[in-house]
Each structure stands twice: as structure tokens, then as C-alpha cells.
Amino acid sequence: MADSTSSHPPRNRPDATEAPQKRLSPSSSETSAELTQLKMRLHRSLRQYPDFPSPGILFEDIMPLFADPLLHKSLIRALELQVTSCFGQAQTPDIVVGLDARGFLFGPSLALKLGAGFVPVRKKGKLPGPTETAAFEKEYGQDFFQIQRGGIKPGQRVLVVDDIIATGGSAAAAGSLVQKLGGSLIGYVFILELDFLKGRKKLNAPVHTLLSSQEENTSEA
């Protein structure tokens, strides 16, 4: 007979007895492989300058990542995957805060990809209207960051981004500004890290670095 039985359903109908196949999740091996490939491509594209800005420092220049549109696209995609894999789809930020000035290079694009707003943290005196202020120490003295009041609503999930974490002072100041406005600081994401300066110890939220860090012996070479 042409009619199907329970053990042989028609070809145009799914078999209710078969378990549905799982869809790949953002944390799947396929996504991890994509992120690994992107990281390798980006790291190969960095320029290195020994003894800049002072002797013993190996300066890694991220500007080539923005000079090439394909590398720029790869950077934003890699950051997007890094955020979603570290924090999960349900905990992606409502706001991305970028630090003055290189956090502005990729912060807005990343925020757009994540469906989040972008809020800048700037040097003192650069933002109009009422602001909150936080101080941080630099090698030559004290400096100040500011954020506009109302830029972050109480309870919003906030991710702080910058190009590199060194001593961690400026990132810590940005994190304190987020909390002054009532934001929920979910973490920090950087492109690069200088491990030997131990900057992440100053930060009170999870820290994630996209590309491999400089070790102390590399910097001293």
C-alpha cells in the first residue's frame, strides 16, 4: 500500500521517533576554530618596533589591522567571537565603553555587532555637560578620565575595551566610572596585554585578551 506505517513515515514528513539534531552553538568547536584562525591572521599582521617608546620595550603596532579592510573586518569578527564565547549569548553587554583614544578605533564597531550602545571615556575636559571623574596614575604623574552622566543606565551590563592593558590604571579608572553610574561591569577586553606589568591585578572584573601577550623575557630581550 502507498500509506505509510508508524515505522516508515512518508518521505515528506519527519520521523517523530528520531531525535532532532543539535544545532552548533556559539561555543562549538567550529566557532573556536574560526576564532583561532582569525587570531593567527591578526597576530601575523602586527608591526613590532624594538626600544619604542623607551629602551627595552617592544612596541606592537595595531595600526596595520585598520589599514586593510579585510583585517579590520577580521578584528571585529574576532572580538565579537571572543565576547560571545567568554560571556555567553545571554550575557552580552548592553553598553561597550571605549577608552580614549584607541578604544575608539574598534569599540563602536564591536558595539554595533553585539547590538549594544557605545559610550566613550575621555580625558578630562573633553566631554560636554555633567560628567563623573576618576583619577589614575601614569609614569609621569596623575591623569583623569571622565564619562558623561546618563551615558549608562543603572543595571546595564557594561564591557570596557581598549587596545592594550599595561599597568591597568586607566582601565581601572574606566571601570570605576562605570560603577559610579550604576552600571554592572561584566569585564574587560583588550587586543594585547603586557603580562609582566601585572595590570589585570588592578581590575575587579574578568579580563580577556584577544591576542597572545608579551612575556617578561620577550620585553627584556
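Before going on, a word on the model: it is predicted, so local features need pLDDT of at least 70 and side-chain atom pairs count only at pLDDT 80 or more, while totals for chains, interfaces and linings use all residues. Residues are numbered from 1 along each chain as its sequence is written, and side-chain values use heavy atoms, leaving out hydrogens and water.

Seven strands form it, open and with mixed pairing, in the order β5-β6-β4-β3-β7-β8-β9. At the edges stand β5 (131–138) and β9 (207–209); each has a single partner strand, so one side of each is left without a neighbour in the sheet. On average, neighbouring strands are turned by 25° against each other, direction ignored.

Next come the helices. Helix α4 (residues 103–114) lies across β3 (95–99), β4 (117–123), β7 (157–165) and β8, and runs at about 160° to β4. Angles run from 0 to 180 degrees between N-to-C directions, with axes fitted to C-alpha atoms, for helices over the stretch in contact. Helix α5 (residues 169–180) also packs on the sheet, touching β3, β4, β5, β6 (141–148), β7 and β8, and its direction makes about 160° with that of β5. Contact means heavy atoms within 4.5 Å.

Elsewhere, Thr31 sits in helix α1 (residues 29–44). Why does Thr31 count as buried? Its relative accessible area is 17%, and buried means under 20%, with exposed over 50% and partly exposed in between (1.4 Å probe, protein chains only). Thr31 and Ser85 are 54 residues apart in sequence, yet 8.8 Å apart in space, C-alpha to C-alpha.

Taken as a whole, the protein has six helices and nine strands, and buried residues make up 41% of its 221 residues. Among contacts between residues at least 6 apart in sequence, 57% join residues at least 24 apart.

Notes. Helix = DSSP H or I, 4+ residues; strand = E, 2+ residues; numbered from the N terminus. Pairing = 2+ DSSP bridges.
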